[in-house]
Amino acid sequence: MDKAASANDDHHIDVANEIEATSFTDPDLTSGVIDAPPMLAMEMADLIRFKTATLTVFGLQRNGVWGEETASQKIEHLGLMFGALAAHPRGNVRGYGVPTQHLTFGLLVFPSVWDWYVQWRERRRGFYTTWEIDMLRISLALTRKDTGWLRQHPNLAERLHPIAGLVSRMDIDRAKADCDACDVYFKHASSRVKEIQRVARVHRDPFEPIMPVLEADSPVGEYRKITEEILRLMPDERLYRRPAARS
């Protein structure tokens, strides 16, 4: 979905006033996907290089490596999060309305940002699932002591801008001055994972369609019934060659 980066002005961003002052054109009605602005795209690319490179860049530490499929999945999931933050509050997505140029990975160290996002997902679906738990675990990996990518990139704090009702100037100043900001977030996210685990529901059971097979005394025998049924119902190939071939 939407992905963005930080901007070069440093005034306080009043999202509500900014929205009311402009004519509303819901971006969700014109396009479900927009390109990431260059700065955020660079941040994402740096994270992917960090997690997929054969050798870690000198001076950095990491715990685990992402394969191609994992990296693709993380890009999608993080993109959805930034998209939700950027989507217009009065649009179909009911996002937060953060100007795309003010989105940066530096926002991911603030508990308020993650709390808004997981609650936004819960409001849309009606309940919490393991998706929210997995997303929070991504944030834990990014802020983990010694090996977290965010923890090793304090320069991202320089791209932060206040977001009304979400991140204040005081929050940003504190994050810049406090080297324990990642520790504070890590503790918060760890607690959130446990809280959501207690109430998470199964959104879709991927095994449900094949449960009769899995629960059968002979699963292979159950699958054999499928092929037997195909053969039983197959048209006579001498009379109906095309339907027989399709079957």
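Arg49 and Asp46 sit together in helix 3 (residues 38-52), three residues apart, or about one turn of the helix. Keep in mind that this is a predicted model.

- Side chains of opposite charge can pair when their charged atoms come close.
- The side chains of Lys225 and Glu222 form a salt bridge at 3.0 Å, N to O.
- Neither end of that pair is tucked away: Lys225 is partly exposed at 47% relative accessibility, and Glu222 is partly exposed at 26%.

**A salt bridge between helices, and a network**

- Arg121 and Glu132 also meet through their side chains in a salt bridge, this one at 2.9 Å, N to O.
- This pair links distant parts of the chain, with Arg121 in helix 5 (residues 111-125) and Glu132 in helix 6 (residues 130-143), 11 residues apart.
- Are the two partners buried or exposed? Arg121 has 13% relative accessibility, so it counts as buried, and Glu132, at 0%, counts as buried too.
- Leaving aside neighbours within four places in sequence, Arg121 is in contact with Trp131 and Glu132.
- Elsewhere, Asp115, Arg192 and Glu195 are linked in a network of salt bridges.

**Aromatic rings**

- How many aromatic pairs does a search of the whole structure find? It turns up six.
- One of these is Phe82 with Phe105, an edge-to-face pair with 5.1 Å from centre to centre and 65 degrees between the planes.
- The two Phe residues link distant parts of the chain: Phe82 is in helix 4 (residues 68-86), Phe105 is in the loop between helix 4 and helix 5, and 23 residues separate them.
- Phe82 counts as buried at 0% relative accessibility, and Phe105 is buried with a relative accessible area of 0%.
- Trp116 and Trp120 have ring centres 6.0 Å apart and planes at 25 degrees, so this pair is stacked.
- Both Trp116 and Trp120 lie in helix 5, four residues apart, about one turn of the helix.
- Trp116 counts as buried at 13% relative accessibility, while Trp120 is buried with a relative accessible area of 7%.
- Ring pairs also tie Tyr96, Trp116, Tyr117 and Trp120 into a cluster.
- There's a charge-over-ring arrangement as well: the charged end of Arg201 sits over the ring of Phe127, 4.0 Å from its centre.

**The nonpolar surface patch**

- Ile210, Leu214, Tyr223, Ile226, Ile230, Leu231 and Met234 make a nonpolar surface patch of about 610 Å².
- Which helix gives the most to the nonpolar patch? That would be helix 10 (residues 219-233), with four residues.
- Met234 belongs to the loop between helix 10 and helix 11 (241-246).
- With a relative accessible area of 31%, Met234 is partly exposed.

- Arg94 has a positive phi of about 60 degrees although it is not a glycine.
- You'll find Arg94 in the loop between helix 4 and helix 5.
- Asp146 isn't a glycine either, yet it has a positive phi of about 75 degrees.
- Asp146 is in the loop between helix 6 and helix 7 (169-177).
- Asp146 has 45% relative accessibility, so it counts as partly exposed.

How values were computed
Residues are numbered from 1 along each chain as its sequence is written. This is a predicted model: local features need pLDDT of at least 70, side-chain atom pairs count only at pLDDT 80 or more; totals for chains, interfaces and linings use all residues. Side-chain values use heavy atoms; hydrogens and water are left out. Patches are made of residues with over 30% relative accessible area and no salt bridge: like charges are joined within 9 Å, nonpolar side chains (Val, Leu, Ile, Met, Phe, Trp, Tyr) within 5 Å. Accessible areas come from the Shrake-Rupley method with a 1.4 Å probe; for residues, only the protein chains shown count as cover. A salt bridge is a side-chain nitrogen of Lys or Arg within 4 Å of a carboxyl oxygen of Asp or Glu. Buried means under 20% relative accessible area, exposed over 50%, partly exposed in between (1.4 Å probe, protein chains only). Rings of Phe, Tyr and Trp (its six-membered ring) pair if their centres lie within 6.5 Å; planes under 30 degrees apart count as stacked, over 60 as edge-to-face and the rest as tilted. A charge sits over a ring if NZ of Lys or CZ of Arg is within 6 Å of the ring centre and within 35 degrees of the ring normal. Contact means heavy atoms within 4.5 Å.
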